[in-house]
Amino acid sequence: MEGKGVLIGTAVVVSHLASAYLSFPIYRHPADESPQLHPFSPTVSLIRQRVENALGHPVNHVLIQHYRNGADYISEHSDKTIDVVRGSKIVNVSLGAQRVMTLRTKKDVQAEAPSTQRSYQRIPLPHNSMFVLGLETNAKWLHAIRTDKRPEKTKSDAERFENGERISLTFRNIGTFLSADQARIYGQGAKGKTKEGARPVVRGGSDAEKLIVAFGNENHQSDFDWDENYGEGSDVLHFSPAINA
Ligand SMILES: O=C(O)CCC(=O)C(=O)O
Ligand SMILES: [Fe+2]
């Protein structure tokens with residue numbers, strides 16, 4: 001699917017708050033497969049605490065991504081917010097080599113007023129930094145970590161740090177949950193909004209196609225209407241590769 005976030009990298013780890021495994025948060029976005037969930041490690045828990053202090057709200061989910069060198073990237077996208085608690089913030093913690101987060105306003109601003117240029121920003125992400133993405137910014141802007149193919153000798157010390165390897169930890173406050181056996185789903189992004197109202201998860205089919213369309217809308221529409229696209233909820237957990245191709 002065009003416009004989805006694609007990360008070309010080695011390791012992807014997802015951690016969550018292990019509240020006795022009664023249920024756990026899930027973050028749905030267009031991907032061929034959802035990585036397995038693990039409880040927060042002690043180190044990630046420490047980082048999570050710092051993130052929560054900075055944000056003033058909890059985060060219960062982290063996606064950890066490894067960029068081996070400047071060739072690894074994540075393509076331009078808006079984060080998919082069906083499962084992100086409305087009004088919360090998303091945080092990218094950066095460790096290792098400095099890379100640049102690029103932000104660009106969505107294309108539709110130009111369609112409405114062809115003379116307007118799309119705005120563009122470059123934000124360096126140094127080692128040990130936190131990048132806070134508010135949901136209003138996420139609605140108006142796409143973000144990416146582009147490849148950096150400059151010769152090594154032209155890079156700064158910060159960019160060459162840790163041999164060019166970078167680890168990002170993307171923390172989110174997730175409002176959609178799976179039952180411990182992963183058979184049922186409930187919460188903000190599901191059809192059943194309460195634990196008691198949890199319903200069986202759905203694989204593929206027309207509901208998956210509908211969700212993929214909504215994800216596409218979120219990448220393309222500056223005035224993305226959350227209620228219209230996501231309000232009803234979706235119980236889709238896996239997108240079949242055929243739909244996601
Ligand atoms: O690696 C990063 O800091 C960005 C990751 C990102 O945008 C995402 O996972 O949605
Ligand atoms: Fe993102």
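This dialogue walks through a few features of the predicted model shown above.

Reader: How are the residues numbered, and what does a predicted model ask of its local features?

Author: Residues are numbered from 1 along each chain as its sequence is written, while chains are lettered from A and ligands numbered from 1 in the order in which they are written. In this predicted model local features need pLDDT of at least 70 and side-chain atom pairs count only at pLDDT 80 or more, whereas totals for chains, interfaces and linings use all residues.

Reader: Where do the nonpolar residues gather, and which of them have the most contacts inside the largest core?

Author: In soluble globular proteins, nonpolar side chains tend to be buried together. A residue is called buried if 20 or more other C-beta atoms, placed from the backbone, lie within 10 Å of its own, exposed if 12 or fewer do, and partly exposed in between; a nonpolar core is a set of buried Ala, Val, Leu, Ile, Met, Phe, Trp, Tyr and Cys residues joined through C-beta atoms within 7 Å. Here the largest such core has 22 residues, and I26, V51, V91, L169 and F171 have the most contacts inside it. Strand β7 (89-96) is among the elements that supply at least two residues of this core, and β7 gives the most, with three. Helices (H or I, at least four residues) and strands (E, at least two) are DSSP runs, numbered from the N terminus.

Reader: Which residues of helix α5 are buried?

Author: The buried residues of α5 are A208, L211, F215, E218 and N219. They cover an arc of only 100 degrees around the axis, taken from the directions from the helix axis to the C-beta atoms, which puts them on the same side of α5. The face turned away from that side carries the exposed residues S206 and V213.

Reader: How is strand β11 placed, and with which strands does it pair?

Author: Two strands pair if DSSP finds at least two bridges between them. Strand β11 (residues 141-145) has four of its five residues buried, so it is largely enclosed by the rest of the structure. It pairs in the antiparallel sense with β6 (residues 73-77) over two bridges, where I74 stands opposite I145, and with β8 (residues 99-105) over five bridges, where R104 stands opposite L142.
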